[in-house]
Amino acid sequence: MQLKLIIAFLLCAYSVSAQISSVEKVTITVSDVDKIKLFYIDAFGAREIASSTFKNNALGRLFNINDASTEVKTALLQIGNEYLELQSFKGKTIQSLPIPEDSKSNDLWFQHIAVVVPNMQKAFDVIHQKMAVFVSTAPQTLPAYLPAAAGISAFYFRDPDGHNLEVINFPKGKGNPKWQVDTTVIFAGIDHTAIGVSNTDAQYLFYKDILGMTISGHSENYGTEQEHLNQVFGARLWITGMQAPKGFGIEFLQYLAPPGGRKYPSNSHLYDLWHWHTTVRVQDIDNVYKKCVALQLQRISKGIVTIHNKEIAYTKAFMVRDRDGHAVLVTN
């Protein structure tokens with residue numbers, strides 16, 4: 001209790017002006033950007049709007065990679081009005097580890113993006129034609145006994161590197177009203193990125209109290225449909241939506257059952273294929289950094305890094321892990 005009071009005091013000691021402006025994008029480490037981006041372009045109708053190759057200078061300090069031979073190749077993709085970035089690494093000492101074949105949705109390294117589809121059957125037909133690996137047995141429509149989620153339909157599958165992806169359809173009255181606009185597109189945009197969490201209240205200390213995100217809703221999901229969606233027998237989840245003033249949401253997935261979800265690997269690197277990071281823009285990056293230090297969050301970057309590169313849309317940044325190990329890139 002005393003430690004909690006100390007942390008609360010330290011967080012309050014800094015100005016509350018250091019709040020999030022937007023969730024900018026999600027970045028996924030892949031085996032080969034040029035290869036994997038074709039899947040997203042082909043399967044999702046994503047548009048490539050930028051590509052870059054960065055040497056290990058400021059990015060080395062930002063990503064805490066000491067190999068001077070390291071190159072980071074990126075491709076920025078747009079789905080609807082939202083952004084997804086792919087990155088891959090090359091270097092003398094770089095050895096990207098694959099996602100464990102036995103990964104489950106209740107493991108704490110789990111993360112995905114949810115792409116909104118106006119017509120689930122059309123979207124499923126496209127995904128099926130692309131021979132994507134299924135996670136769900138088929139699209140699932142959540143039942144009426146789950147008031148917050150009733151009528152929402154979803155389907156999980158994987159990209160060629162094994163990253164989990166979701167397509168989701170919101171009935172009228174559910175989700176962001178912008179998804180109810182009539183459209184002929186199959187994939188409308190990214191609604192949220194979801195992360196596995198061990199304790200929702202503990203994650204509030206970072207996402208709510210430090211970043212200033214707001215809670216957009218809760219749902220406790222369980223039952224046959226949820227099991228078939230996640231492929232986790234006995235799944236019962238406490239789901240919390242977090243929102244910034246702009247950009248897509250961040251969703252917490254806390255498995256109340258079953259037990260046994262594994263922790264985020266403690267020796268993870270940004271070049272391992274289970275790495276994702278979410279980029280958030282804040283009003284006062286120095287204040288946010290001080291709060292992360294006070295909360296004793298694991299910081300990947302060597303302090304706040306100043307970037308001098310016209311291809312990067314920010315000048316100051318640092319990367320930090322939340323209470324369960326998920327990486328967040330904080331920028332100004």
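Student: How many helices and strands does the chain have?

Tutor: Helices are DSSP runs (H or I) of at least four residues, and strands are E runs of at least two, numbered from the N terminus. The chain has seven helices and 18 strands. Note that this is a predicted model: local features need pLDDT of at least 70, side-chain atom pairs count only at pLDDT 80 or more, and totals for chains, interfaces and linings use all residues. Residues are numbered from 1 along each chain as its sequence is written, and side-chain values use heavy atoms, with hydrogens and water left out.

Student: What share of the 332 residues is buried?

Tutor: Buried means under 20% relative accessible area, exposed means over 50%, and partly exposed lies in between (1.4 Å probe, protein chains only). Buried residues make up 54% of the 332.

Student: How do I read the contacts?

Tutor: A contact means heavy atoms within 4.5 Å. Take the contacts in the chain with a separation of 6 or more: residues 24 or more positions apart account for 69% of them.

Student: Which residues touch the most other members of the largest nonpolar core?

Tutor: A nonpolar core is a set of buried Ala, Val, Leu, Ile, Met, Phe, Trp, Tyr and Cys residues, joined through side-chain atoms within 4.5 Å. The largest core has 58 residues, and Tyr40 and Tyr207 touch the most other members. Helix H2 (residues 33–44) gives this core its largest share, six residues. Another core, of 22 residues, lies apart from it; Phe110, Ala154, Ala188 and Ile239 are among its members.

Student: What does Tyr40 touch?

Tutor: Set aside residues up to four places away in sequence. Tyrosine 40 then touches Ile28, Gly45, Ala46, Leu77, Leu84, Leu86, Asp159, His163 and Leu165.

Student: Where is alanine 46?

Tutor: Alanine 46 sits in the loop between H2 and strand S2 (47–55). Its relative accessible area is 6%, so alanine 46 is buried. Beyond its neighbours within four places, alanine 46 contacts Tyr40, Ile41, Leu77, Gln78 and Ile79. Phenylalanine 187 is 141 residues away along the chain, yet the two C-alpha atoms are separated by 8.7 Å.

Student: Is helix H7 mostly covered or mostly uncovered?

Tutor: Mostly covered: seven of the 10 residues in H7 (residues 285–294) are buried. They are Ile285, Asn287, Val288, Tyr289, Lys291, Cys292 and Ala294. Just after H7, glutamine 296 takes a positive phi of about 60°.

Student: Where else is phi positive?

Tutor: Look for residues other than glycine. Asparagine 64 has phi near 60°. Asparagine 64 is in the loop between helix H3 (58–63) and strand S3 (71–79), and is partly exposed at 36% relative accessible area. Methionine 131 also has phi near 60°. Methionine 131 lies in the loop between helix H4 (120–129) and strand S6 (133–134). Its relative accessible area is 68%, so methionine 131 is exposed.

Student: Which residues does a cis peptide bond join?

Tutor: Check omega. The bond between alanine 257 and proline 258 is cis, with omega about -5°. Proline 258 is in the loop between strand S14 (249–257) and strand S15 (276–282).
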